[in-house]
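Please read this briefing alongside the sequence and the 3D structure shown below.

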Amino acid sequence: MKRIALYRIFVIVFMAVKFFIQITLFQKRFHSKGSDQLQVQWEALLRKQAIEYRETALRLEGLLIKLGQFLSTRADIMPQVFIKELEDLVDHVPAVPWKEAKKVLENEWDRNYGEIIQKISIEPVASASIGEVYHGYLHNGEEVAVKIQRPGIEKVIRTDFKAIKIIMWLANRLTSYGKRSDLPKLYKEMKYVIGQELNFRKELENGRYFEKRYDEFDDVQIPSYYKEFSTRKVLVMEWINGKKITELSFLEKHGIDRQELAERLFKVFLEQLLQEGKFHADPHPGNILVKSDGTIVLIDFGMIGEVKKTDALAIREVVEGIILDDYDKVINALEKLRFLLPHANKDELKRVLVTLISTYVEHDITQMDDLLVQQIFEDVQRVVKNEPIQLPSELAFFGRALSTFVGILYILHPKINLIQLSQPLIKDWLSRNPEGTSDSVVKLLREYARPLLGIPRQLQEALNEPKRYREWQERKDRTDRTISYYQSKKRDAFLFMVLTSIAIYVSFLLYEIELAYGSVAVFTISFLYYLRSTLVYRRLVNQLSRKDE
């Protein structure tokens, strides 16, 4: 049943529409009210939805699992309570029977698998949503890993993308996420990256890229690939004996220093994230192994992101601006990176950046007053929620990789100091003075040799003018309430349009003429109401924009 396209689309879209309706009704019922009890009820609703999503994803498999993993890292668009429930969502799918896997293998090789493989396990050593890995031996005795694509997975993924496209279209009109995110562009990026993962030839190409990139790293190993045996659905690579890097009992058994291992791993991935070029977009523990001698092994290069040259230079400008206390430069660089959508309040963003970075630099944040830390992060969360800020779709997998990777580091070494570790690496990175790095930064680093992010700063002008900030905040609160009211009217009207569209379709199927006429009438009224609300909303936004200017 779960492989039937219409069934999958119905289940996925129905679940999403139900979530939208629940959220809309909750917000409408408790509009302009606020209390601790209300917050508890809101989080309970989101937690219930997250649990239902996780259970549905594990039942249907396919794209929902990967989408859940992706959403669990999107703090810029997803509520924290939702993220928490999805954090444990991993590729947890049953193994494909060997008979089916063998059929894929022999169809791709166009011969009996025994002509190439001398021996292969009939049970996979690893099973994921797109492919399964088997342990085998070539006729020359070489040990290999054979990755075989799950039968029919391409059709399943294509079907799921149709459902996701419908959901994103609805989300763009029924929720506030469309305001803060470029959902069409995000959909396009997801489809491209995951589509690449379905083509094992691309994974082979990526694997060879990283094999060459880490050729001079003595303590990093990338498996070799057998191009002559690899196809679009089958990938043959060198077998490397190792364990997941987070398997702490293995590290202890072989006397591997966890702190030293975490520091080496940090340097390996920082090199990927700071430099122009490809980076491993799915660095979960199963894709990072460690050998008994402490060598780090990177595998599975199906999901790869890329830092383009222009983005690499913009990231460099962010670092420069922080070093030179030039937060206008930081904001401009974030705009180049497409973090800021139109109408973002740059002054407010600058104020929050100054507060956060100054506090972090001047104090040990782990020893600061808990109330102060809470206030700072609430301030940051408020701005991210209210301002048109997004994680650009092109960098979405960058953020996903970063958050996953940081989680591994803290498992290995809970007290790791990422700032301290990054100082010499970033100073060296900047001192190479490639295109886009100003001479002033290099001169500053060489002449004064100040540690990166290590000089105490004074709070900026925005922090010294609480009256102006308070007045701005009051004006912004009034603006938010007004816009929220008209957004709510638009959502209600559009929701009725969706529901009556379904009713019209059902009524024609059942030949219920009276129901059809009634549904058409309600749809027409809803459409006119939606049109009127949209015109009023746009006129109001334009008026408010002119006032702000």
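Rings of Phe, Tyr and Trp (its six-membered ring) are taken as a pair if their centres lie within 6.5 Å, and planes under 30 degrees apart count as stacked, over 60 as edge-to-face and the rest as tilted. By this rule there are 11 aromatic pairs. The model is a predicted one, in which local features need pLDDT of at least 70 and side-chain atom pairs count only at pLDDT 80 or more, while totals for chains, interfaces and linings use all residues. Residues are numbered from 1 along each chain as its sequence is written, and side-chain values use heavy atoms, with hydrogens and water left out.

**Aromatic rings**

- Tryptophan 98 and tyrosine 113 form an edge-to-face pair, with 5.7 Å from centre to centre and 90° between the planes.
- This pair links distant parts of the chain, since tryptophan 98 lies in helix H5 (residues 98-109) and tyrosine 113 in the loop between H5 and strand S1 (117-120), 15 residues apart; helices (H or I, at least four residues) and strands (E, at least two) are DSSP runs, numbered from the N terminus.
- Tryptophan 98 is buried at a relative accessible area of 16%, whereas tyrosine 113, at 22%, is partly exposed; buried means under 20% relative accessible area, exposed over 50% and partly exposed in between (1.4 Å probe, protein chains only).
- One aromatic cluster is formed by Tyr209, Phe210, Tyr214, Phe217 and Phe301.
- The charged end of lysine 278 sits over the ring of tyrosine 209, 5.1 Å from its centre, where a charge sits over a ring if NZ of Lys or CZ of Arg is within 6 Å of the ring centre and within 35 degrees of the ring normal.

**Helix H5**

- The buried residues of H5 are Trp98, Ala101, Val104, Leu105 and Trp109.
- Seen down the helix axis, these buried residues of H5 fall within an arc of 125°, so they line one face of the helix; the arc is that of the directions from the helix axis to the C-beta atoms.
- The face of H5 turned away from the buried side carries the exposed residues Lys99, Lys103 and Asn107.
- The buried residues of H5 pack against S1, strand S3 (131-138), strand S4 (143-149) and strand S6 (234-238).

**Glutamine 49**

- Glutamine 49 lies in helix H2 (residues 36-60) and is buried, at 2% relative accessibility.
- Leaving aside neighbours within four places in sequence, glutamine 49 is in contact (heavy atoms within 4.5 Å) with Phe19, Gln22, Ile23 and Phe82.
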